[in-house]
Amino acid sequence: MRKTNRQLLLEWAEQSSIDGRQLKDALNVGGVLPTVSDWRGFLDKLLLYVGALFVASGVVFFFAYNWDDLGRFAQFALVQGAIVAALVAFWMLGLEKLSGKISLMMAAIFVGVLLALIGQTYQTGADPYELFTVWCVLILPWALLARFDVLWVFWLLLLNLSISLYYQVFGGLFHVLLGGEQMLWILFVVNTVALLIWEWVVTKGADRRKVRWMTRLLATVSGGLASTLAILNLLGSDESSFSQYGVLAWLGWMALAYYWYRHVEVDVYVLSIGVLSVIAIVSVFLGRFLFSGADAFASLLIMSAVIIGLSAAGAYWLRSVVLGEQS
Amino acid sequence: MSQTLWQELTHKGLVSGEEPVVANDNSPWYVRTMLGIAGWFGALFLLGAVFSVFGLLIGFTSTAGILGLGACLVAVLIYRAGKKNDFLAQFAFAISLAGQSLLVFSILSELNIFGSGDNFSDRLRMLSMVTICLQLLLFFVIPNYLHRMWSALLITLSVMFLMNMYGLHAFTLSILLAGGVGLWLQEFNWATLGNKLTTPAYALVFISVLLLFVQTFLWSDHQSYLWFDSGFWRRAFGLSSSVDVLPVRLFSLSTGAVLLGLVLVLLKRAGNWASGIGIAAILLSILAVYIGLFVPGFTVGIILVLIGFAHSNRVLSGLGLVILVVFFFQFYYHLELNLLQKSGLLVASGLGLLVVRYVMNYVWPIGVNKHA
C-alpha cells in the first residue's frame with residue numbers, strides 16, 4: 001500500500017535521511033501539518049456539526065416530552081411532515097449533490113418512524129419483522145433512485161434484520177430444519193447475492209476507489225457467514241440438515257473470492273478476510289481431531305504452531321500481493 | 001508519490017542525494033489486524049499448553065521463574081534474528097507471552113500474593129514494580145512494534161495502579177494524559193526514535209481514555225477511583241481521611257491545565273500567540289476548562305482532537321471526537337431535569353455553538369489567512 005506523506009517523512013527522519021531541524025519544513029512541504037486555513041476550516045466544521053447535533057437532539061427531546069399530549073393526528077402530521085420536508089429538500093438539492101442524497105436517506109428513515117407510529121397507534125398486532133419487511137419494500141424505489149451506497153447499506157441492514165426477526169418468531173421451515181442454521185443460510189445467500197450485484201454494478205462504471213468500503217463491508221459479512229456455516233458443518237453431527245454443505249459453500253465462496261479479488265479486481269482487504277477464514281476453518285478442523293483424546297499439552301502446542309504458521313504464511317503472501325500491485 | 005515528494009524536498013534544499021529505500025514492512029492496517037488476531041489465538045493456545053503443565057510446577061516456583069526468563073530470552077533472540085520475518089515475529093511474541101506468564105506465576109507464588117495478611121496492597125505494589133522493570137527491559141531490547149505496544153500498555157497500567165495506590169488518584173488521569181500529550185508534541189523533534197516514542201505515546205493516551213471510561217461508567221460516584229488506597233495520606237502524612245477523597249473539581253482542573261498547556265504550545269508553534277486569534281483561542285480554552293468541570297470527558301476529548309489534528313493523526317482526532325460526543329450525551333442523560341428542560345438546554349447549547357460559528361465567520365472568514 002502506498003504510504004502517506006506523513007509516513008514517508010517520519011520514516012525518512014527515523015533513518016536520518018532528513019535532518020531533524022529540517023523535518024518541520026519538510027512536513028509543511030508535504031502538506032502534513034495543518035495550515036491556519038486548515039485550522040479555521042476544522043473549527044468551522046466542528047462547531048457546525050456539534051451545534052447541529054445538539055439542536056437536532058433538543059428537538060427530538062422536545063417532541064418526546066410532548067408526545068403523549070399531542071393528538072393522534074398531530075403525531076401523524078409531524079412524522080409525515082418530516083418525510084415531506086426531507087423529500088422537498090431532496091427535490092431542491094438534486095440527486096447529484098451529497099446533501100440531496102442525505103435528504104432522501106432521512107426521508108427513508110422517517111418512513112420507518114411512520115410505520116412504527118402506525119403499529120403503536122392502531123395496535124395492528126404485527127410482528128417486528130413485518131415492520132422491517134414493509135419498510136424495506138417501501139424504500140426500495142428510493143434506494144434504486146438515489147444510487148447512494150450508504151442508503152443501500154441501510155436497506156440491506158433492514159433486510160437482514162427482517163430475516164433475523166422472522167426466524168426469532170418462526171423457528172424454521174415447517175419446524176423441520178433448525179431455525180438458526182436456516183437463517184444463516186438465507187442471510188449468506190442474500191448478502192452474497194448483494195455482493196455479486198454490487199460488483200456487477202461497479203464494473204459498469206463507478207470509480208472503484210470511491211466505493212471500496214462498500215465492497216469490503218459486503219465481503220466481510222458474506223465471508224463471515226460462509227465461515228460460520230463451514231464451522232457449523234465441521235462441528236455438527238446432524239447429516240440430515242443443510243449443515244453438511246457448509247464446507248462446500250465456504251470452498252465455493254473462497255474460490256470465487258480468490259479468483260475475483262486476486263486476478264480481476266485486486267483487493268487485499270478481501271484477501272485478508274479470506275486468509276483469516278482459512279486459519280479459522282483449519283483450526284476448527286484440526287481441533288476436532290486433536291482434542292478428542294490426545295494429550296492436552298501436545299494438542300494445544302500443535303494448534304498454536306499451526307495458527308502461527310498459517311498466519312505468518314498468509315501475511316507473507318498478502319505482502320507479496322501488495323508489492324506486486326505497487327510495482 | 002514518494003518520488004515526487006523527495007524531488008520536491010530536494011528542490012527546496014531540505015534533502016540531498018538519492019531517495020532512501022522505502023521499507024516495505026508497513027503492511028496495511030487490515031493485514032496487521034489479521035496478523036494480530038491470528039497471533040493472539042496462537043498465543044492463547046501456546047499459553048494454554050504452558051498452563052497445562054503449571055500443575056507440575058506448583059512447588060517449583062523458582063523453576064517456573066527460570067523457565068520464564070529463558071523463554072523471554074529466546075523470544076528476544078528470535079526477534080533480533082528475524083526482524084522482517086512474519087512467522088518468527090508471531091512465534092517470538094507467543095514465546096514471550098508464555099515466558100512472561102511463567103515469570104508472573106513465579107512472582108505471584110513467591111510473594112504469596114493471595115495469602116492471608118495485611119500487606120496485600122504492598123505485595124500488589126511489588127508486583128507492579130516488577131512488571132514495570134521487566135516490561136521496560138523487554139521494551140528496549142525487542143525491536144518489534146506489536147511487542148513494544150504490549151510492553152508500553154503494561155507499563156502504563158502498572159504506573160497508573162501505583163499512582164492510585166500512592167495517593168495521586170485524583171491526578172492520575174491528567175498526569176498520564178499530560179505524559180502522552182508531551183510525547184506526541186515531541187513526535188517530530190524526536191522522530192529518530194520511531195516506535196520507541198509512538199508506542200508509549202499511544203499507550204498513555206489509551207490508558208487515560210480507559211481510566212476515564214471506567215471512572216465515569218463503572219463507578220457512578222466520581223470520587224471513587226480505580227484501586228486507590230484510601231488510607232495513604234493518613235498513614236504517610238497524618239492527614240485526615242477526608243483528604244483522600246479529593247474533590248472531582250481538582251481532577252477536572254488538572255485536566256484543564258493540560259488543555260491550556262497544549263493550546264499555548266500549539267499557539268507558540270504557530271509563531272504568533274499574542275494576536276487576536278491567539279487570545280481568542282486561549283479564552284475559548286478557558287471556557288472549555290470551565291465546561292470540563294461539569295463534563296470531564298469534554299476536556300479529554302478536546303485535548304485529543306487538538307493534538308490529533310495538529311499532527312495529522314486520525315486515530316487521536318477520531319478518538320477525541322467519539323469521546324466528545326459520548327461524554328456530552330452522558331452528561332445530558334444524567335442531568336436531573338425533565339425532558340423538556342433537557343431539550344431546552346440542548347437547543348440552547350447547539351444554538352450557542354452555531355452563534356459562535358457565525359461570529360467567527362464574521363471576524364475571521366474562511367479563506368482569509370490570519371496569523372494565529
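**Exercise 1. In this predicted model, determine how many residue pairs are in polar contact between chain B and chain A, and describe the side of chain B that takes part.**

Solution. Step 1: the count between chain B and chain A comes to eight residue pairs in polar contact, both residues being at pLDDT 80 or more.

Step 1: identify the helices involved. On the side of chain B that touches chain A, at least two residues each are supplied by α1 (2-11), α2 (29-52), α5 (86-111), α11 (248-270), α13 (296-310), α14 (314-334) and α15 (339-363) of chain B. The largest share of this side, 15 residues, belongs to α15(B).

Step 2: sort the residues by class. The side of chain B that touches chain A holds 50 nonpolar, 19 polar and 10 charged residues.

**Exercise 2. State how many residues each chain gives to the contact, and what area is buried between chain B and chain A.**

Solution. Step 1: chain B contributes 79 residues and chain A contributes 77 residues.

Step 1: the size of an interface is often expressed as the accessible area lost when the parts come together. Between chain B and chain A, about 7000 Å² is buried, and carbon and sulfur atoms give 75% of this area.

Step 2: find the leading residues in chain B. Y30(B), F45(B) and F309(B) lose the most area to chain A, together 10% of what that side buries.

**Exercise 3. Are α11(A) and α2(B) roughly parallel or roughly antiparallel to each other?**

Solution. Step 1: the axes of helix α11 (residues 268-290) of chain A and α2(B) come within 9 Å and cross at roughly 10°.

Step 1: angles under 35 degrees count as roughly parallel. Therefore α11(A) and α2(B) are roughly parallel to each other.

Step 2: examine the residues. V268(A), Y269(A) and S272(A) are among those in α11(A) that meet residues of α2(B), including W29(B), Y30(B) and V31(B). The contact of α11(A) with α2(B) has 11 nonpolar residues, one polar and no charged.

**Exercise 4. How are α12(B) and α13(B) oriented to each other?**

Solution. Step 1: the axes of helix α12 (residues 276-294) of chain B and α13(B) come within 5 Å, crossing at roughly 140°.

Step 1: α12(B) and α13(B) are therefore oblique to each other.

Step 2: A288(B), I291(B), G292(B) and F294(B) in α12(B) meet P296(B), F298(B) and T299(B) in α13(B). By class, this contact has five nonpolar, two polar and no charged residues.

Definitions and conventions: Residues numbered from 1 in each chain as written. Chains lettered and ligands numbered in written order. Predicted model: local features only at pLDDT ≥ 70, side-chain atom pairs only at ≥ 80, totals over all residues. Heavy atoms only, no water. Contact = heavy atoms within 4.5 Å. Buried area = accessible area lost by both parts, 1.4 Å probe. Polar contact = N/O pair within 3.5 Å; in protein donor to acceptor, adjacent residues only side chain to side chain. Helix = DSSP H or I, 4+ residues; strand = E, 2+ residues; numbered from the N terminus. Nonpolar A, V, L, I, M, F, W, Y, C, P; charged D, E, K, R; others polar. Axes fitted to C-alpha atoms, helices over the stretch in contact; angles between N-to-C directions. Parallel < 35°, antiparallel > 145°, perpendicular 65-115°, else oblique.
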